[in-house]
Amino acid sequence: MDHMSPIERWLRGIALTVVVLFFMFPIFWIVLMSLQTNETILRSPPSMVFEPTFGNYVAIIAGRLDSNVASMGIAFMDNLWNSILLSVGSVAVALLLGVPAAYAFARHKFRGSEEVAFTLLSFRFAPPLLVLLPLSLYFQQIGLANTYLGLIWVYQLICLPLILWIVRGYFEDISPDLEHAYRIAGHSWLSTFRRIALPLAGPGIAAAGLLAFIFAWNNFIFALVLASADKQPVTVGALAFVTASGIQYGQIAAAIVLSIAPTLALALYAQRYLVEGLSLGAVKG
Amino acid sequence: MAAASDISIPRRRFAVSRRLLPYLLSLPALLVCIAILIPFFTAVYYSLQRFRLSQPWNRGMNWGENYLNFLTDPDFWNTLQVSLTYAFLTVGLELLLGLGIALLLKKRTRLNNFISIMLLMPLMTAPALAALMWKLMTNPNFGILSYFAAQLGFPDFRWGSSPDTALFTVVLVDIWVYTPFIMILLLAGLRSLPTQPFEAAALDGVPRFQQFWRITLPMLMPYILTASLFRLLDSIQQFDIIYAMTQGGPGDTLMVFQVEAYLNFFQSTNVGRSAALLMILWVITYFLSNIFIKNWLRLRERARGEV
C-alpha cells in the first residue's frame, strides 16, 4: 500500500485537485462576488482581477442601499439577528430539556424507555411539512403564529432528538461507578449529576449543542411556513432578498457570505466534535 | 425538587423518588414532543377530508377519496417519479463520489486531514443558501458556470430554468452539499477497519484491486448501508434546495413530494390533497427509517465494542 507508482501518484494528485476545486470553488466565487460592484460582476468574460470593495457589506450592515437611481431599505440585518435569536434560543431550550432526559434514558431503563426514545428519534425522519402545515393553522388560533416562542418550540423538532441521542450515547459510555461512589459518600442526586455526570459528558454535550445550533441555523422550511418577514432567519430572508432586490447581485452575494460565515467558522473551529456528532455516535472518530 | 431534598429522608421515600426520577427528568422533553404529535394526527384527519381553505363551506369528510384520486392523477405519479428519481440519483452519485474521496483521503497525512476538514464546509452551508449560491453561478447573464458551459460549446445551457437540465442542476447542488457527509462517515469507517486482513492479503500477494472488492468493501458495508439509508431518508424529502432553486419548476419538472404539498397548501389551498400527499411520503419514510434505525444501532454497538 505504501509504494505507489509515479503514475498513480499523479492520478491521485489530479483527482484530489478536482475534488477540492469542485467543493471549494462555489464558496470562493461567492466571496469574490461579494467584494465586487455590479459593473465588475456583469463583465464578460468574468475575471478574477478587480478592485475589491466592501460597499456591498456596508450597504447591508447600514441597511440602506443608495444608487444613482433610488435608495432602498435592506432589512437583512434583522434576518441575521433573528437567526441568532432562534438558533441560540432553540439550542438552549433543547439542552435544558434534552440533557436531563438523555441522562434518564441512559441511567434508568424504565418501562417503555426504549420505545419512547425510538419515537423521539423517528421525529427526526418524518416529513417536516406533515407537522408544519396543521401547526400553521393551530398557531393562528392560539396566537403563536409569527412569534419567537412558537418558532423555538417547533425548532425542538430537530434540536431535541439530536441532543437526546448524542448525549445519551455519551452518558452510556461513562461507567456509573463513579456516580454511585459519590452518592454513597452522602451527596445528593442533583449534586452528583452536576459535579460528576455533567462534566464527564461535557464533550458530548458540546458536540450535540454545536450540531443542533448548525441545524437550527441552516433550517429553512420551519420559518418559511410559520414566520412572516419580521421574524424570518437568514435562510428565508436571503430568498426574499433575491426576489426583492432583483439585480443587486453584489449585495446578494454579500448577504449569502454573512449568512453562511457563522456555521462555517463554527465547523472549522470544532470539526473534531462534528464528525462524531454527524454520525450520531455510529462511528467513533 | 424531589432530587434536591432526598438526602436525609428515610429509605422508603428515597426509593419512591428514585423510581419517579427518570420520569420526572424526561417529562418536559416528552411533553414538547407529544404536543408535536397533535398536528401529526390532525394531518391524518385532514387527509381524509374535502378541505380547501378557499371553500370553508364545502369542508367535510370524504374518507379515502383524496387517496383514491391519486390513482388516476398524473400529477401524483409525476411527483412520485420525480421524488424517487431525485432520491436515488443523488444518493447513488454521492455514495460513489463519497467512497472515492474517502479512499483518496484514507491515509492520515496532514494534507489529507486538512482537505477532509475543508470538505466539511459545503455540508455546513444551509442547503437553501447553497441553492442560491449555485443560482448566482448559473445566472445566464454573468454566472461563471454559464460562462464555462458556453466555452465548452453549450452557449444555451440554461441550468435550472430549462426542463431538460433542471434535475441535473438541483442534483448537482445536492451532491455539492451532501457528498461530504457520506465521505466523512465512510472515512471514519475506513480508518477504523482492522489492519490484519490487509497485512495478510499483502503477504499473500493479493492484488490491491482484489483487496478492495474482497476485504475493504465487505467490511465497509455496514457503514455504506447506514450512510445511504440516512441520505435516502433526507433526499426523498428534499425541499430546501429545490424550492430555493426553482420552486418545483419549470412546469412540474421538479415537483417532489414536499414542494408539491407546500404549493397545494399555500397556492391552491387544497389542504386535503396536501395532507394526503404528505401521508404517503410519511409511509415511505417510516419504512426507510425503521430499516435505518436498526442498521444504525447495530453499527453503534459494534463501534462501541471495538473501543
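Angles under 35 degrees count as roughly parallel, over 145 as roughly antiparallel, 65 to 115 as roughly perpendicular, and the rest as oblique. Keep that scale in mind for the first stop.

Before you start clicking, note that this is a predicted model, in which local features need pLDDT of at least 70, side-chain atom pairs count only at pLDDT 80 or more, and totals for chains, interfaces and linings use all residues. Residues are numbered from 1 along each chain as its sequence is written, while chains are lettered from A and ligands numbered from 1 in the order in which they are written.

**Stop 1: a helix pair in chain A**

Select residues 76-107 of chain A, which form helix 4, and residues 148-173 of chain A, which form helix 7. Helices here are DSSP runs (H or I, at least four residues), numbered from the N terminus. The two pack at an angle of about 40 degrees, with their axes 6 Å apart; axes are lines fitted to C-alpha atoms over the stretch in contact, and angles run from 0 to 180 degrees between N-to-C directions. Helix 4 of chain A and helix 7 of chain A are therefore oblique to each other. Their crossing is right-handed, meaning that the near helix is turned clockwise from the far one by less than a right angle. Now colour the contact by class: there are 23 nonpolar, four polar and three charged residues. In this scheme Ala, Val, Leu, Ile, Met, Phe, Trp, Tyr, Cys and Pro are nonpolar, Asp, Glu, Lys and Arg are charged, and the others, Gly among them, are polar.

**Stop 2: the largest nonpolar core**

Next, pick Ile163(A), Val167(A) and Ile256(A), the residues with the most contacts inside the largest nonpolar core, which has 163 residues. Such a core is a set of buried Ala, Val, Leu, Ile, Met, Phe, Trp, Tyr and Cys residues joined through C-beta atoms within 7 Å. Buried means 20 or more other C-beta atoms within 10 Å of a residue's own, exposed means 12 or fewer, and partly exposed is in between, with C-beta atoms placed from the backbone. Helix 7 of chain A gives the largest share of this core, 17 residues. Domain 1 (6-73) and domain 2 (76-278) of chain A both contribute residues, so the core lies between them; the domain bounds come from an automatic or database domain assignment.

Stay in chain A and select Tyr249(A), in helix 13 (residues 249-269). Tyr249(A) is buried, with 23 other C-beta atoms within 10 Å. Draw a C-alpha to C-alpha distance from Tyr249(A) to Tyr103(A): they are 146 residues apart in sequence and 49 Å apart in space.

**Stop 3: an enclosed helix in chain B**

Move to residues 127-137 of chain B, helix 6: 11 of the 11 residues are buried, so this helix is largely enclosed by the rest of the structure. Among them are Trp134(B) and Lys135(B). Leu132(B), also in this helix, is 152 residues from Ile284(B) in sequence and 29 Å away in space, C-alpha to C-alpha. Ile284(B) itself sits in helix 13 (residues 271-306) of chain B.

**Stop 4: two positive phi values**

Most residues other than glycine have a negative phi. Select Trp159(B), where phi is positive at about 50 degrees, in the loop between helix 7 (144-151) and helix 8 (166-192) of chain B. Is Trp159(B) buried or exposed? Trp159(B) counts as buried, with 23 C-beta neighbours inside 10 Å.

Finish at Gln247(B), whose phi is near 55 degrees, in the loop between helix 11 (240-246) and helix 12 (257-266) of chain B. Gln247(B) has 15 C-beta neighbours inside 10 Å and counts as partly exposed.
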